[in-house]
Structure formats: C-alpha cells, structure tokens
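Hi there,

Here is the structure I promised to pass on. My notes on what turned up in it follow below.

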Amino acid sequence: LAAAAAAAAAALLAIAVRRRRRAVALNERRRGQTQCEEEVTVEEAQRRFARLADGELSPPVALRGLRAVHRQRLSKGLHFVCLRCPSGRTIEAVLRTELLADQQLGQLYRLGDALTVSGALEARRGRLSIRATRLSVDEPWTSLFGDIPFVHDFAAAAAAGGAGDVLLQTAISHAERVRERLDANAGVRCVAGLVRPVADGSRHMECGLLVELGEPMPALEEAVRADAALPDAVVQRIYPLSERHGTLSAACDALAGMILAASPRPTCRVQASPRSLEQRIALALHARGVPLSLKDHSALASVAHVFGSFGVGVVRRSGHGVLWGETPRGEASARRQQRTAAAHAPQAAPVCRAYHKLEQAAAHIALPLSASARALDVGASPGGWTSY
C-alpha cells in the first residue's frame, strides 16, 4: 500500500509539473505574439483574409469588443465560442485546453461577457475562425446586469443583422400592433419584431421594435403621435441609434464625443434601455465633461442594449412629444376623444384588439346579441367592445 501511494503521488506530481511547464510555455508564446498582434475588426479581418485557403493561417490578430453569445464543447480539449460584433457579424473562436491552463472555463469567461480574442485566423470551408491563444474580458456581463442570465435571441438577431437605426420602446402586448402600423408607413421598415434589452430579465414595458428609418426622426415622432389607432403611451420612448459599440464604456466614450463636438454644445438628458443603466451612464458622461440636466435640457442622449451591443445617438429637442415623454395633457385628451368618436362612428374599423376578442368569444359560445340589446361597457377606452 505504501508503494502504491508513493507511485500515485509521483504520478500526480509529474502531471502537475507538465501542466506548469505548458502554462509557462504558453505565457512566453503569448508575450511574443502580443508584440506583433494587429488589432482589427471582424469586418476588416473577413475582408482582408477572405482568400485564405482551407487550413491556412493568417498572421496573429486581436479582435476587440466581441460578445460571447454561445459556446459548445466538442471534446475534452476543444471548445468553440460564437462571438458577435456590434455590426451583427459573427465569428467562431476555437479554444484548446492549453489556453485554460489550470482554470475552469467558467473562470476564464462567461456567456454575455465582452471579450478580446487574440490568435491566428483560419479558413475552413469558406468561413473564418480564430485559433485563440489569448482571451481577456473587457466588460463582464455581471458588472452591467448582475445575476440576470444572458440569453441571446439568435432568430431575431439573425433577421436584424446590423440593420436598424431607431428603437421604439413599447409593451410586449402592443408590439405586433405597432409593427402593423409601421408597416403601413412607407418610410419605416421594421427589421426586428421584438427586442428585449436583457432577454428574459426584461420588464414587460421595456421591450421594443428595431426599425430602419427612411425619414427624419421628427417625421417618425409626428407619425406616431398623429396615428389615432395607437393609444397614448403605447410607444413610450424613441431611441436614435446612429452608432453601435461592443461595450458600455466604448458607447459612453462615443456618446460624449458626439455631444462635446456639437456646436453649440447641448445640455442633455440621458435615457437608456434598459433603464437600470441610466444612472451609470449619466455618471460616466458627467465624468467625461458632458453637461446634463433632467429638466432644462436641449438634447436627448440615448443608449440602448440591442443584441449584445450598445447603440448610441443624440437628437436635439424640437418640441413636445413621444420622443421627450412630454405630450401635453390637452393634446392627449384630444387624441382620446378622437379615438372614441372614431370607435362610435358607423362602420368604423376596429380600434383595438378587444373588438376581435369579443367577436371571437361571441362566435365561440353563440352569444345572442342584437342591435336592440343593452350592454354596459365599464372602462370603455378606447371603445373596442362598445363599437362591437
């Protein structure tokens, strides 16, 4: 037994020594590669190395600001990570056990983290992947959203790609309805039907529609306000997204640069999706010298988390409305009266989904209704049941 124990101890010691030697060799190789790495974007890498032959390797490069959206373990010593850049393109990173050294995979990074990946690009069947030799976390997911798990909507992200320059915040229950109204507007193209800023951790009212705008922002705002078929507060906020960035820090830097470069320099109010980031963004902008005010502001600074990246935009104040969350009470009352009159007009089109719900229920249970019947509609706004 003593001899067997000594042999086991010697075997474990030999394994530990081999691991240590591999870790030291890997660190030396990393230091040598870091000196000659070229920092490029995914778009630039795919363009420059599009003609690599299958199995051919590129010089070492560094890809920064990529979001880890999916990972798969092929074998004990091989891991694949799907990385998404702010423009919507994806690239696969191949991780070997030598990269992990003595760490567990969960200690190296987590899904949702923004990463910098270094290594050589490799072509396989016409697609580029990166053989990761160094991986570092630029911005942990937990530092932004705490214990909320990261869930990536692959179908919606693939449909949107990198398109979409405006995010309309609306409730989940009204998303499809707003989308139908936008499709009727020739100047707006909806590229993603439902965007959750933090996937399943989003609140009911913090979802939205990602649209491609073919007209100026004030025209979209006016169209939303003038549409009698959209009740008040269905579209709660409008986020202009003129740029996309991989981390919140980079987004704040870009937003501060836009504001400070403007002439005359505006005083801004911050709005963010999700709203839990607003205080953090306001502090970051204040530290960068951006003038802020909740009431006396002349511009709106927007940041929205969309499919793992942060879109930013600045728009100057031109009046009241949905964009500013300041629709006057008199105007809101006039819109309600207009919709109520439309609902009671002869042969009026349905003003809300309640009309169709009652119609379907009456047909299902054969509800005997006639023009001479009497009914009490409690809380008739905008009047779908009354019009039925």
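**Salt bridges and a surface patch**

The count comes to seven salt bridges, taking a salt bridge as a side-chain nitrogen of Lys or Arg within 4 Å of a carboxyl oxygen of Asp or Glu. Please bear in mind that this is a predicted model, where local features need pLDDT of at least 70, side-chain atom pairs count only at pLDDT 80 or more, and totals for chains, interfaces and linings use all residues. Residues are numbered from 1 along each chain as its sequence is written, and side-chain values use heavy atoms, with hydrogens and water left out.

One of the bridges joins Glu38 to Arg48, with the closest N and O atoms 2.9 Å apart. Glu38 lies in strand S1 (residues 38-40) and Arg48 in helix H2 (residues 42-48), so this pair ties together parts that are 10 residues apart in sequence. Helices (H or I, at least four residues) and strands (E, at least two) are DSSP runs, numbered from the N terminus. Glu38 and Arg48 are also linked with Glu44 in a network of salt bridges.

Glu39 and Arg64 meet in another salt bridge, at 3.2 Å from N to O. Here Glu39 lies in strand S1 and Arg64 in strand S2 (residues 57-75), so the pair ties together parts that are 25 residues apart in sequence.

Then there is Glu122 with Arg131, whose closest N and O atoms are 3.0 Å apart. Glu122 is buried, at 5% relative accessible area, while Arg131 is partly exposed at 32% (buried means under 20%, exposed over 50%, partly exposed in between; 1.4 Å probe, protein chains only).

Best wishes
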